[in-house]
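Biologist: I'd like to learn how to read a model like this one. Could you walk me through it, feature by feature?

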Amino acid sequence: MIDKINSLKAELETLTAKSEAEVEELRIKYLSKKGAVSLLFNDFRTVPADQKKTIGQALNELKNIATEKINGLREQLSEAESGTESIDLTRTPAIMPLGSRHPLSIVRDEIISIFSRLGFTVAEGPEIEDDWHVFSSLNFAADHPARDMQDTFFIQRNPDVLLRTHTSSVQSRVMEHSQPPIRIICPGRVYRNEAISARAHCFFHQVEALYVDKNVSFADLKQTLLYFAQEMFGPETKIRLRPSYFPFTEPSAEMDISCNLCGGKGCSFCKHTGWVEILGCGMVDPNVLDACGIDSKVYSGFALGMGIERITNLKYQVKDLRMFSENDRRFLEEFQSAH
Ligand code: DAH
């Protein structure tokens with residue numbers, strides 16, 4: 001009898017099952033009323049009294065082993081099954097948080113799109129520049145205050161390597177390498193040595209536009225400005241030009257638009273004037289054309305430059321310039337629905 005018990009124990013060790021049905025078969029084979037283990041219990045009656053204790057213990061142990069084995073196989077199977085079931089294909093997917101474009105990118109692309117409808121194409125230039133492209137070619141006198149250390153970031157000790165302070169540098173780069181007609185729009189980052197505050201930053205973004213051809217006149221500039229202002233801020237927008245001075249344009253002007261917050265009636269944003277300044281512009285100075293290899297007796301042109309932050313502030317009323325570079329998601333997420 002002990003031998004039978006031991007051989008059954010060994011047999012139980014080796015059992016495996018691939019399905020619930022197989023487990024059930026094994027249960028019947030070993031543990032049902034006519035199963036192998038139960039039959040041994042029937043034989044127990046014939047065991048001599050002096051062996052009953054040891055054999056009884058061995059039998060009980062065998063029954064426990066068989067029960068545990070069969071339960072174990074059943075659990076293994078249901079675990080394996082629930083593993084595949086945990087992928088519920090009918091579940092609604094978790095909502096993916098939608099990313100948003102940076103407000104400066106949104107506005108930059110809108111400016112590009114407006115000018116591209118007038119035939120302007122994008123041109124880009126380096127942010128690390130030389131004196132010639134940022135200042136000298138653009139008619140800045142040697143002692144012009146804009147070259148001052150307080151404004152310009154110079155790289156290394158070499159005063160000829162600097163971070164561009166405006167995107168006008170792209171004008172001279174393009175004119176050096178091409179002949180009119182030139183119609184370009186140049187977006188990019190610029191740097192100035194300013195203390196960071198709500199109203200100033202050491203880097204910001206500009207868009208420069210340049211049009212050079214035969215017979216380009218101030219009227220062309222004015223019409224382009226009006227088109228831009230009304231496309232950007234709405235068809236009701238008015239523009240006004242004030243005389244100004246830039247080394248690279250003659251005559252030069254600054255453009256105001258009617259305040260788009262109060263419609264020109266006067267509010268705290270426009271300091272109760274009804275107008276807000278948005279860009280600088282003018283007819284390209286003949287000295288600049290000549291310095292860049294374009295014959296100023298044959299060609300004329302206009303240029304304009306604006307700060308993207310300024311336009312963005314007007315469109316979205318961002319009060320603090322620092323918001324643009326802090327990457328605060330609460331701020332950026334406000335532009336999710338903007339196109
Ligand atoms: N470069 C000027 C600035 O940074 C902006 C500017 C003014 C650009 C007049 C122009 C222009 O092309 O004609 O303030």
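Predicted model: local features only at pLDDT ≥ 70, side-chain atom pairs only at ≥ 80, totals over all residues.

Biologist: Okay, how many bridges link β7 and β8, and in which sense do they pair?

Modeller: There are eight bridges, and the pairing of β7 with β8 (residues 275-284) is antiparallel. To see one spot on your screen, find M255, which stands opposite L279 in β8.

Biologist: And which strand does β6 join?

Modeller: β6 (residues 239-246) runs antiparallel to β7 (residues 249-258), with seven bridges between them. Look for R240 here: its bridge partner in β7 is D256.

Biologist: In what order do the strands sit in the sheet?

Modeller: Read across, the order is β1-β4-β5-β9-β8-β7-β6, seven strands in an open sheet with mixed pairing. At the edges you'll find β1 (121-122) and β6, each of which pairs on one side only.

Biologist: What about side chains along a strand, where do they point?

Modeller: In a regular strand they alternate between the two faces of the sheet.

Biologist: Now the helices. Which strands does α5 lie across?

Modeller: Helix α5 (residues 103-116) lies across β1, β4 (182-191), β5 (203-213) and β9 (300-307), and its angle to β4 is about 165°. Helix α10 (residues 308-316) lies across β5, β7, β8 and β9, at about 60° to β9.

Biologist: Are α5 and α10 roughly parallel or roughly perpendicular to each other?

Modeller: Angles of 65 to 115 degrees count as roughly perpendicular. The α5 and α10 axes cross at roughly 100° and come within 9 Å, so the two helices are roughly perpendicular. Where they meet, α5 contributes residues including L104, V107 and I111, while α10 contributes residues including I308, I311 and Y316.

Biologist: How does that work for α2 and α3, at what angle do their axes cross?

Modeller: At roughly 10°, with the axes of α2 (residues 20-31) and α3 (residues 36-43) coming within 4 Å. Angles under 35 degrees count as roughly parallel, and therefore α2 and α3 are roughly parallel to each other. K29, Y30 and L31 in α2 meet A36, V37 and S38 in α3.

Biologist: On to the ligand. Which residues are closest to it?

Modeller: H166, S168, R192, Q206 and E208 are the closest, out of 15 residues that surround the ligand. For polar contacts, look for pairs of N or O atoms within 3.5 Å. A polar side-chain atom of S168 is 3.0 Å from a ligand nitrogen. On R192, a side-chain N or O atom lies 2.9 Å from a ligand oxygen. With A303 the polar atom belongs to the backbone, 3.1 Å from an oxygen of the ligand. Overall, the protein covers 88% of the 350 Å² of accessible area that the ligand has on its own.

Biologist: Last one: what should I look for in the backbone itself?

Modeller: Most peptide bonds are trans, and most residues other than glycine have a negative phi. Here, the bond from P180 to P181 is cis, with omega near 0°, and P181 lies in the loop between α7 (168-177) and β4. Another cis bond joins E250 and P251, with omega about -5°; P251 is in strand β7.

Biologist: And where does N215 lie?

Modeller: In the loop between β5 and α8 (218-233). Phi of N215 is positive, near 60°, and the residue isn't glycine.

Notes. Residues numbered from 1 in each chain as written. Heavy atoms only, no water. Pairing = 2+ DSSP bridges. Contact = heavy atoms within 4.5 Å. Axes fitted to C-alpha atoms, helices over the stretch in contact; angles between N-to-C directions. Near = heavy atom within 4 Å. Polar contact = N/O pair within 3.5 Å; in protein donor to acceptor, adjacent residues only side chain to side chain. Areas by Shrake-Rupley, 256 points an atom, 1.4 Å probe, with all protein chains shown as cover. Parallel < 35°, antiparallel > 145°, perpendicular 65-115°, else oblique.
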